[in-house]
Amino acid sequence: MTSDGKQRAAPSSVATAQQRAAMLRVDQAGEYGATRIYAGQLAVMGQRSPDARAIARMAGQEARHRVIFDRMVAERRVRPTALQPLWNVAGFALGAATALIGPKAAMACTAAVETEIDRHYGEQLEQIGDGDPELSATIAEFRAEEVEHLDTALAAGAEQAPGYPLLSATIRLGCRIAIGLSRHI
């Protein structure tokens, strides 16, 4: 309360440099994992089906995101996650496994991952506040593209995948675990 009895506005949340470094570490790892998921899906599906073309387009955007986060990590001297070899194998395996189930399961994987990434990027944007305009703008741009991927996956029948609720919940949990681990390791 102020001296005149009015409610005081809560201070805006601004992430510290250490928190922003952890964000970059997680985001770079996430974009790397996404490229590996799509690589696994395309290895199984090939390049010719309509779903494979959509996946290849999304994979290209993820690769661009990764290049930009790679640059930011290097410029800001952020330590990358030590778990990248694990995300390499796990991402490819997840992509290949969902594609083996079928195109709708591959899209269910995308929908689950992008649901978590949308939530994650939204939280980061709140934490950053106005403290890092470059990082905020990058995350906001990438978040919009991730939501497009989610919309693409849903339009392609992600929710019609066999066992969708369990598949989606499992992948989303895996994403949250990967985010937490990559933040610290």
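Let's start with the word "buried": a residue is buried when its relative accessible area is under 20%, exposed when it is over 50%, and partly exposed in between (1.4 Å probe, protein chains only). The model here is predicted, so local features need pLDDT of at least 70 and side-chain atom pairs count only at pLDDT 80 or more, while totals for chains, interfaces and linings use all residues. Residues are numbered from 1 along each chain as its sequence is written, and side-chain values use heavy atoms, with hydrogens and water left out.

**Exercise 1. Find the partner of E116 and say whether E116 is buried or exposed.**

Step 1. Grab the rule: a salt bridge is a side-chain nitrogen of Lys or Arg within 4 Å of a carboxyl oxygen of Asp or Glu.

Step 2. Apply it: E116 pairs with R176, and their closest N and O atoms sit 3.0 Å apart.

Step 3. Helices here are DSSP runs (H or I, at least four residues), numbered from the N terminus.

Step 4. Check the cover: E116 has 0% relative accessibility and counts as buried, whereas R176, at 37%, is partly exposed.

**Exercise 2. Work out which parts the R64 and E141 salt bridge ties together.**

Step 1. The closest N and O atoms of R64 and E141 are 3.1 Å apart.

Step 2. R64 belongs to helix 2 (residues 50-75) and E141 to helix 5 (residues 133-155), so the bridge ties together parts that are 77 residues apart in sequence.

Step 3. R64 is partly exposed at 32%, and E141 is partly exposed at 39%.

**Exercise 3. Describe how D70 and R66 are spaced along their helix.**

Step 1. D70 and R66 form a salt bridge, with 3.6 Å between the closest N and O atoms.

Step 2. Both sit in helix 2, four residues apart, so about one helical turn separates them.

Step 3. D70 comes out partly exposed at 26%, and R66 is partly exposed at 24%.

**Exercise 4. Count the salt bridges and name the residues that share partners in one network.**

Step 1. The rule gives 13 salt bridges.

Step 2. Through shared partners, R20, R71, E75, R76, D132 and E134 join into one network.

Step 3. As background, side chains of opposite charge can pair when their charged atoms come close.

Key
Helix = DSSP H or I, 4+ residues; strand = E, 2+ residues; numbered from the N terminus.
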